[in-house]
Amino acid sequence: MQTLTGRTCVFSGASGGDGVAAAKALCQAGMNVVVMTHQMAQAASLVEEIQKLGYPGRCMAMQDGEAQTPPVPDEDVYRQIYETLGSIDVVISNTGGDGFEDSIDTVDTDTLQKEVGHLLGGSYSMLKCALPYLRKSGSPRVIFMTSVEGARGGKLESFTNAVAKGAVLSLAKNSAARLASEGITVNCIQKGAITRINGAIVDPRWKDTTTMLPYIPMNRMGTPEDLAAAICFLASEESAYVTGTVLDVSGGLSLV
């Protein structure tokens, strides 16, 4: 049993890629989902689809403050969400990297800092803006995303993306330790190779699924539904005593 009904989630990285299934699953379980995005057209399409499915949870799309015209502080965006839906109980940062191929030899410092700013800075900004409202929630949850290489090192993904996701993992663990006394759980999902619903590769570094299978003990690629199930658990009221953990959703890729 996972209790999600009547609560509100702010979810970045849900309008496309592997986050779509999670947004649908949360709404199906009765959670209100606010898709935080720069891609409003794509997000609007998801909102419309969820509305047509008739799920009990409400779905709406909001632009990041800096993407609005004129730009507004992100704090104002979160205040608007709180005033509209009555709570902010869960924050999920599923923002991905650009996926370009690079190496220690070719990447420059500016590019590395940009990727860290995008993934680490974006995750921290969501937590900071939501924190006043999480403190009012009866079951506050924060979920960040890392990757197998971000958590343990490796050469299967781009250098900058792995370094940035490693920083996100550090953010999750430090935040979990600092917020545990307030009942706010902070956890991280360690993703492996996740496909889209239609079987296409989300991550461009894995252009051919067959090249990845020898590295995955389960001998299959992960699906968005695999990720959605993990997200729903960590977002639920039942995960109250789970914090500072890294939930591995990689089919055993992290063991190889």
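Modeller: A residue is called buried when its relative accessible area is under 20%, and exposed when that area is over 50%. The structure discussed here is a predicted model.

Biologist: Is Lys-191 buried or exposed?

Modeller: Lys-191 belongs to strand 6, which covers residues 185–191. Because the relative accessibility of Lys-191 is 12% and the limit for burial is under 20%, Lys-191 counts as buried.

Biologist: With which side chain does the side chain of Lys-191 make a polar contact?

Modeller: Leaving aside residues up to four places away in sequence, Lys-191 touches several residues, among them Asp-18, Asn-94, Met-145 and Leu-227. From this set, the polar contact of the Lys-191 side chain, at 3.0 Å, is made with the side chain of Asn-94.

Biologist: How far apart in space are Lys-191 and Ser-250, C-alpha to C-alpha?

Modeller: In sequence, Lys-191 and Ser-250 are 59 residues apart, yet Ser-250 is one of the residues that Lys-191 touches. Their C-alpha atoms are separated in space by 5.5 Å.

Biologist: And how far apart in space are Leu-156 and Val-242, again C-alpha to C-alpha?

Modeller: Leu-156 sits in the loop between helix 5 (148–152) and helix 6 (159–179), and with 25% relative accessibility it counts as partly exposed. Leu-156 and Val-242 are 86 residues apart in sequence, and in space the C-alpha separation is 29 Å.

Biologist: How many of the nine residues of helix 1 are buried?

Modeller: Helix 1, residues 20–28, is mostly covered, and its buried residues include Val-20, Ala-23, Lys-24 and Cys-27. Those buried residues pack against several elements, among them strand 1 (8–12), helix 2 (40–53) and helix 8. Of the nine residues in helix 1, the number buried is seven.

Biologist: Which residue with a positive phi follows helix 1?

Modeller: Helix 1 ends at residue 28. The residue that follows the helix with a positive phi, near 100°, is Gly-30.

Biologist: Which residue has a positive phi of about 60° although it is not a glycine?

Modeller: Most residues other than glycine have a negative phi. The residue in question is found in the loop between helix 7 (209–212) and helix 8, and it counts as exposed because its relative accessibility is 53%. This residue is Asn-219.

Biologist: For the protein chain as a whole, what is the radius of gyration?

Modeller: The protein chain holds eight helices and seven strands, and 48% of its 256 residues count as buried. Contacts between residues 24 or more positions apart make up 74% of those with a separation of 6 or more. A compact globule of 256 residues would have a radius of gyration near 18 Å, which agrees with the value for this chain, 17 Å.

Technical notes. Residues numbered from 1 in each chain as written. Predicted model: local features only at pLDDT ≥ 70, side-chain atom pairs only at ≥ 80, totals over all residues. Heavy atoms only, no water. Helix = DSSP H or I, 4+ residues; strand = E, 2+ residues; numbered from the N terminus. Rg over C-alpha atoms; globule rule 2.2 N^0.38 Å. Buried < 20%, exposed > 50% of the residue type's maximum accessible area, 1.4 Å probe, protein only. Contact = heavy atoms within 4.5 Å. Polar contact = N/O pair within 3.5 Å; in protein donor to acceptor, adjacent residues only side chain to side chain.
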